[in-house]
Amino acid sequence: MTEATEIPPPPWRRPKKSARQRRPLSQELIVDTAMRILDAEGLDALSMRRVALELQTGPASLYAHVANKDELLELMIDRITGELDVPVPDPDRWQEQIVEAGMEAHRVWTRHPGIARAALANIPLGPNSLRYSEALLSVLRAGGVPDERAGWFVDRLSLYVLADAFEDSLHHERGRRTEEDAREYFEQVRTYFHSLPPGRFPVITSMVDALVGGDGDERLRYGLELLVRGLASYVPDRPGTSTGQAG
């Protein structure tokens with residue numbers, strides 16, 4: 001008995017499209033797809049309709065898994081927070097740990113263009129966000145920071161890091177996509193400051209290098225150290241312990 005072989009269609013017929021195996025629609029798949037859109041095109045490109053289009057389905061089918069775009073953004077923010085390392089409290093290094101956590105958080109948020117804008121108006125309540133907040137609060141408590149000051153500080157720290165990351169995304173949107181692009185812009189600012197009449201602006205013209213000096217990381221770290229050193233002033237003196245110094 002001979003084996004049956006597939007007979008090719010005549011050349012004038014349109015070949016059948018092979019059915020593409022698709023993953024069943026789920027909340028995880030929706031978030032995966034939204035993250036790809038965000039990373040490739042930025043926050044403004046993201047919508048429920050766009051996610052549905054990428055998944056070859058209708059927007060209504062997404063609502064069985066995600067209530068609306070706000071919930072989708074909350075899920076994405078929590079996904080991104082899950083990329084952050086969780087510090088293990090070290091009472092002697094608590095200030096340095098917080099500064100390093102802020103630097104790392106900034107690097108993570110800027111990897112996902114524009115999402116910091118949404119995170120600024122979001123209270124972090126997802127599992128990854130709660131885990132991260134628990135870790136930061138544990139570092140602060142280990143350093144002797146009073147509870148109320150610690151609670152408020154985590155909020156202020158988040159606002160500072162996210163606002164700086166959002167500013168980076170605005171530079172990116174305005175064509176300053178690389179360090180070289182940004183350097184050119186700030187050199188123009190430097191030149192403009194030098195051109196100002198010293199008689200009217202004696203302080204600005206005498207401080208041009210200080211005003212435009214330092215790169216983004218240096219300025220970010222400086223701001224974090226300011227916040228942490230200010231917080232350290234609320235830590236009661238304890239015999240035999242040290243709050244350490246950031247930086």
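The model is a predicted one. The protein is built from 12 helices and 0 strands, and buried residues account for 34% of its 247 residues.

**Overall fold**
- Read from the N terminus, the elements run α-α-α-α-α-α-α-α-α-α-α-α.

**Helix α1 and its surroundings**
- Helix α1 covers residues 27-41, which is 15 residues.
- From first C-alpha to last, α1 reaches 21 Å, close to the 21 Å expected at 1.5 Å a residue.
- The buried residues in α1 are Leu29, Ile30, Val31, Asp32, Thr33, Ala34, Met35, Ile37 and Leu38.
- Just after α1 comes Gly42, with a positive phi of about 95°.

**The largest pocket**
- The volume of the largest pocket is about 1000 Å³.
- It is lined by 36 residues, and those closest to its centre are Asp168, Glu179, Ala182, Phe186 and Gly216.
- Elements giving two or more residues to this lining are α5 (94-110), α6, α8 (147-173), α9 (179-195), α11 (208-212) and α12 (216-232).
- Helix α8 provides the largest share of the lining of the largest pocket, with 9 residues.
- By class, the lining of the largest pocket holds 12 nonpolar, 11 polar and 13 charged residues.

**The second largest pocket**
- About 480 Å³ of space lies in the second largest pocket.
- Its lining has 24 residues, of which Pro124, Ser133, Val154, Ser158 and Leu162 are the closest to the centre.
- Two or more residues of this lining come from each of α4, α5, α7 (127-142) and α8.
- Here too, α8 gives the largest share of the lining of the second largest pocket, in this case 8 residues.
- The lining of the second largest pocket divides into 16 nonpolar, 7 polar and 1 charged residues.

**Ser133, beside the centre of a pocket**
- Ser133 sits in helix α7 and is one of the residues closest to the centre of the second largest pocket.
- Ser133 counts as buried because its relative accessible area is 18%, and the cut-off for buried is under 20%.
- The C-alpha atoms of Ser133 and Asp155 are separated by 9.6 Å, with the two residues 22 apart along the chain.

**His112, in a loop**
- His112 is found in the loop between α5 and α6.
- With a relative accessible area of 6%, His112 is buried.
- Setting aside neighbours within four places in sequence, His112 is in contact with Met35, Leu38, Asp39, Ile80 and Glu83.
- Of these contacts of His112, Met35 and Leu38 are among the buried residues of α1.

Methods: Residues numbered from 1 in each chain as written. Predicted model: local features only at pLDDT ≥ 70, side-chain atom pairs only at ≥ 80, totals over all residues. Heavy atoms only, no water. Helix = DSSP H or I, 4+ residues; strand = E, 2+ residues; numbered from the N terminus. Buried < 20%, exposed > 50% of the residue type's maximum accessible area, 1.4 Å probe, protein only. Expected span 1.5 Å × (residues − 1). 1 Å grid on protein atoms, 1.4 Å probe; cavity = no way out; pocket = protein on both sides within 12 Å on 5 of 7 lines; lining within 4 Å. Points joined across faces, edges and corners; volume = space filled by probe spheres on them. Nonpolar A, V, L, I, M, F, W, Y, C, P; charged D, E, K, R; others polar. Contact = heavy atoms within 4.5 Å.
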